[in-house]
Amino acid sequence: MGCGTGLPSDAQVVNDEMCDVCEVWTAESLFPCRVCTRVFHDGCLRRMGYIQGDSAAEVTETAHTETGWSCHYCDNLNLLLTEEEMYSLTETFQQCKVIPDCSLTLEDFLRYRHQTAKRGSSGRALSEEQEEQAARQFAALDPERRGHVEWPDFLSHESLLLLQQLRPQNSLLRLLTVKERERARAAFLARGSGSTVSEAECRRAQHSWFCKRPTEAPSCSVSVSHVGPIADSSPASSSSKSQDKAPLPTEPESRFVDWPTFLQESVIYILAARPNSSAIHLKPPG
Ligand SMILES: [Zn+2]
């Protein structure tokens, strides 16, 4: 059975050989994207304005860690939307008086969520519980607790919600790259016994996609110099991440999921983990 990856199990992802910008082959220092197979010269990225000033050193370091770095195509989740989806999103922004390219405070964010809920299928404003959930999502989008969410992070979040609403699961699965499927497969195999994993492990994996940085402590976002290898499945990384949120509900681990189900249930979170920003663009439940 192909296990849904469409690849023989010993397949290796091969990165492109030429810089995506200048299309020149050079052996030295090409940055691979962690999501797609594109590679880049840092000089070319700088020349094109994709990395600027201070962030260059960070890109250089991050790209060579296990965490990796997403290229400008993969970093922008908004690019996953079709033209019609983008049009509908822009229209919603206009109607809800969201100003493009401006950051949003918690108040702005909640007001917008209330308005979209009223316009949605239920036709009602958010319940108290939904409002709390929205506030938790805001906090996840503002990991450095600056009191506002940057526009690109907000746009990524809204793009994900739209994808989740409008696209059938199979079409979401087609958005995954070979690298993402392989990482998911490795996480599945590391967590499971045989051909299934428990639902609790599946949940933990969904949280672990967001270990983009070695630590997500608010003060550590500037330096990436202490990066060690990050094991997706390491208990240390998942416990340090869960400090500021409610503990996972202690549910009976009775339900087991197989690989196709695991991938289906994780796909939106795998996509959500693409951007380089330390924000969590779609907070998994629990
Ligand atoms: Zn890429």
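Residues are numbered from 1 along each chain as its sequence is written, and side-chain values use heavy atoms, with hydrogens and water left out. Because the model is predicted, local features need pLDDT of at least 70 and side-chain atom pairs count only at pLDDT 80 or more, while totals for chains, interfaces and linings use all residues.

Start with the chain as a whole. It has twelve helices and six strands. These are DSSP runs, numbered from the N terminus: helices are H or I with at least four residues, strands are E with at least two. Buried residues make up 41% of the 286 residues. Buried means under 20% relative accessible area, exposed means over 50%, and partly exposed lies in between, with a 1.4 Å probe and protein chains only.

Next comes confidence. The predictor's confidence in each residue is the pLDDT, from 0 to 100. Its mean over the chain is 80, and 77% of the residues reach 70 or more. Where pLDDT is low, the predicted coordinates should not be read in detail.

Now the interior. A nonpolar core is a set of buried Ala, Val, Leu, Ile, Met, Phe, Trp, Tyr and Cys residues joined through side-chain atoms within 4.5 Å. The largest one has 49 residues. Phe93, Phe154, Trp209 and Phe262 have the most contacts inside it. The elements giving two or more residues to this core include helix H4 (83–95), helix H5 (106–119), helix H6 (128–141), helix H7 (151–166) and helix H12 (259–272). H12 gives the most, with nine residues. A second, separate core has eleven residues, among them Cys33, Ile51, Trp69 and Cys74.

Leaving aside neighbours within four places in sequence, Phe93 is in contact with Val98, Tyr112, Trp151, Phe154, Leu155 and Glu158.

Which residues of H4 meet H7? They are Glu85, Ser88, Leu89 and Phe93. On the H7 side, the partners include Trp151, Phe154, Leu155 and Leu166. Two packed helices are described by the angle between their axes and the distance between the axes. Axes are lines fitted to C-alpha atoms, for helices over the stretch in contact, and angles run from 0 to 180 degrees between N-to-C directions. The axes of H4 and H7 come within 11 Å and cross at roughly 120°. The two helices are therefore oblique to each other. Angles under 35 degrees count as roughly parallel, over 145 as roughly antiparallel, 65 to 115 as roughly perpendicular and the rest as oblique. H4 passes H7 in a right-handed crossing. A crossing is right-handed if the near helix is turned clockwise from the far one by less than a right angle, and left-handed if anticlockwise.

H4 also packs on H5. Here the axes come within 10 Å and cross at roughly 115°, so H4 and H5 are roughly perpendicular. The crossing is right-handed. Leu89, Thr92, Phe93 and Gln95 of H4 make the contact with Tyr112, Thr116 and Arg119 of H5.

H5 in turn meets H6. Their axes come within 10 Å and cross at roughly 135°, so the pair is oblique. H5 passes H6 in a right-handed crossing. Leu106, Phe109, Leu110, Arg113 and His114 of H5 take part, and the residues they meet in H6 include Glu131, Ala134 and Phe138.

Asparagine 78 sits in the loop between helix H3 (72–75) and H4. Is asparagine 78 buried or exposed? At 15% relative accessibility, asparagine 78 counts as buried. Not counting residues up to four places away in sequence, asparagine 78 touches Met86, Leu89, Leu155 and Ser159.

Lysine 97 lies in the loop between H4 and S3. Phi of lysine 97 is near 55°, a positive value in a residue other than glycine. Its relative accessibility is 63%, so lysine 97 counts as exposed. Glutamate 23 lies in the segment before strand S1 (30–32). Phi of glutamate 23 is also positive, near 55°. At 57% relative accessibility, glutamate 23 counts as exposed.

Definitions and conventions
Contact means heavy atoms within 4.5 Å.
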